[in-house]
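Here is a colleague's note, in numbered points, to be read alongside the model. Please keep the sequence and the 3D view open while working through it.

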Amino acid sequence: MTSPDGLVVRPVRWVDDVVDADDLAAVTRLYREYELDRIGSVDSEPAGLAAAYAWPQVLRDETALVYDGDEAVASVWVKAEEPTHDVFVDLAVAPGDHERERLESAVRHGIAAGRRHAERHPESSWTLRITVWNGDAVAAEVVEAHGLTPSRRFYRMRIDADSPAIPATAPPLPPGVELVVRDDEETRRTMWAVDNESFLDHYNFAPSEYDHWWAEWEADAQRDPSGWWLLTVDGDPAAICILDETRAEQNDGYVSILGVRKPYRGRGLATLLLQRAFVRERDRGRAGIQLSVDAENTTGAVGLYERVGMRPTQVLQGHSCEL
């Protein structure tokens, strides 16, 4: 498909249910160039990109590369999230003299992809969401010119593994509290239920069915079963902490999910889980530990993370529009 500016958009190729190696290399190069230009570091590593492209919710016929002649100059990753009825679009563009035109082409394709998905599923109302790095004025101008409006900000937070805020040893479990680390369906179903309940009051959250929830985790090559922690209090599921290898290529640990059921909040369980996670990752030789959080979270999560020594390292600005 040729865009109005002469750029050509073609779907990413798949071989045996895996993204084509040459296309993945092009995507990796684009993210590297784009992130170095925008934030001065590489945030999206090859293994993480490969894992993201393998998620079952990715719209493979819509996820694409944009070409200027023989050169890939932009990538457009498209995912449809059924529980919240969102279409997520993520962009990476080769910086330079023509980056605005490349962004225009990528954004137009992402919006069109979202509309096509919405037309195929008219039983629900769909929202298109595109997140850009805070301070990326060009990307913000382009997405806003196409009708998306700023919605929510998100922080990437981090703590150095040698921070004095991290305890020398993992904090002990209080009486009646047990940490369950077991990779079986019964435990996973319990963690799914805690996840659904813990995030009911969070922005743009909708409970998911177990099969949908587990399908995404099962397909994730960066899942670490030893980092799936279920915390119980007197035998009752109270909290979960899920660690994965999302930032392993940066030699950092990553807290993917931290959730506490409302009846058990205010007891220090989240702090306990975080500190034990910090100690675990430090003792594994990691340089730091990261997580992502809604900057406007109403449950006090940002304050909690700051109290245990974490600080924002990047800010992302979400944009959205109804399809």
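1. Which residues does Val89 touch, not counting residues up to four places away in sequence? With those neighbours set aside, Val89 touches Val76, Trp77, Val78, Gly110, Leu128, Arg129, Ile130 and Thr131, where contact means heavy atoms within 4.5 Å.

2. A word on the source is needed before going further. This is a predicted model, in which local features need pLDDT of at least 70 and side-chain atom pairs count only at pLDDT 80 or more, while totals for chains, interfaces and linings use all residues. Residues are numbered from 1 along each chain as its sequence is written, and side-chain values use heavy atoms, with hydrogens and water left out.

3. The largest nonpolar core holds 47 residues, and Leu65, Val89, Leu91, Leu128 and Ile130 are the ones that touch the most other members. Such a core is a set of buried Ala, Val, Leu, Ile, Met, Phe, Trp, Tyr and Cys residues joined through side-chain atoms within 4.5 Å, and buried means under 20% relative accessible area, with exposed being over 50% and partly exposed in between (1.4 Å probe, protein chains only). The elements that give two or more residues to this core include helix H1 (21–39), helix H3 (99–120), strand S6 (86–93) and strand S7 (127–133); helices (H or I, at least four residues) and strands (E, at least two) are DSSP runs, numbered from the N terminus. Strand S5 gives the most to this core, with seven residues. Apart from it lies another core, of 36 residues, among them Tyr155, Val255, Met310 and Val315. In soluble globular proteins, nonpolar side chains tend to be buried together.

4. Helices H1 and H2 pack with their axes 10 Å apart and at an angle of about 120 degrees; axes are lines fitted to C-alpha atoms, for helices over the stretch in contact, and angles run from 0 to 180 degrees between N-to-C directions. H1 and H2 are therefore oblique to each other, since angles under 35 degrees count as roughly parallel, over 145 as roughly antiparallel, 65 to 115 as roughly perpendicular and the rest as oblique. On the H1 side the contact is made by Leu24, Val27, Thr28 and Tyr31, and on the H2 side by Pro46, Leu49, Ala50 and Tyr53.

5. For helices H5 (residues 185–198) and H6 (residues 210–218), the axes are also 10 Å apart, but the angle is about 110 degrees, and H5 and H6 are therefore roughly perpendicular to each other. Among the residues in contact are Arg188 and Trp192 of H5, together with Tyr210 and Trp214 of H6.

6. Where does Gln317 sit, and is it buried or exposed? Gln317 belongs to strand S14 (residues 311–322), and it is buried because its relative accessible area is 15%. A polar atom of the Gln317 side chain lies 3.5 Å from the backbone oxygen of Arg152. Leaving aside neighbours within four places in sequence, Gln317 is in contact with residues including Ile130, Asn134, Pro150 and Arg153.

7. Asp17, in the loop between strand S2 (14–15) and strand S3 (18–19), has a phi near 70 degrees, a positive value in a residue other than glycine, and Asp17 is exposed because its relative accessible area is 57%. Asp234, in the loop between strand S10 (223–233) and strand S11 (236–244), has a positive phi near 50 degrees, and Asp234 is exposed, with a relative accessible area of 69%.

Technical notes:
Polar contact = N/O pair within 3.5 Å; in protein donor to acceptor, adjacent residues only side chain to side chain.
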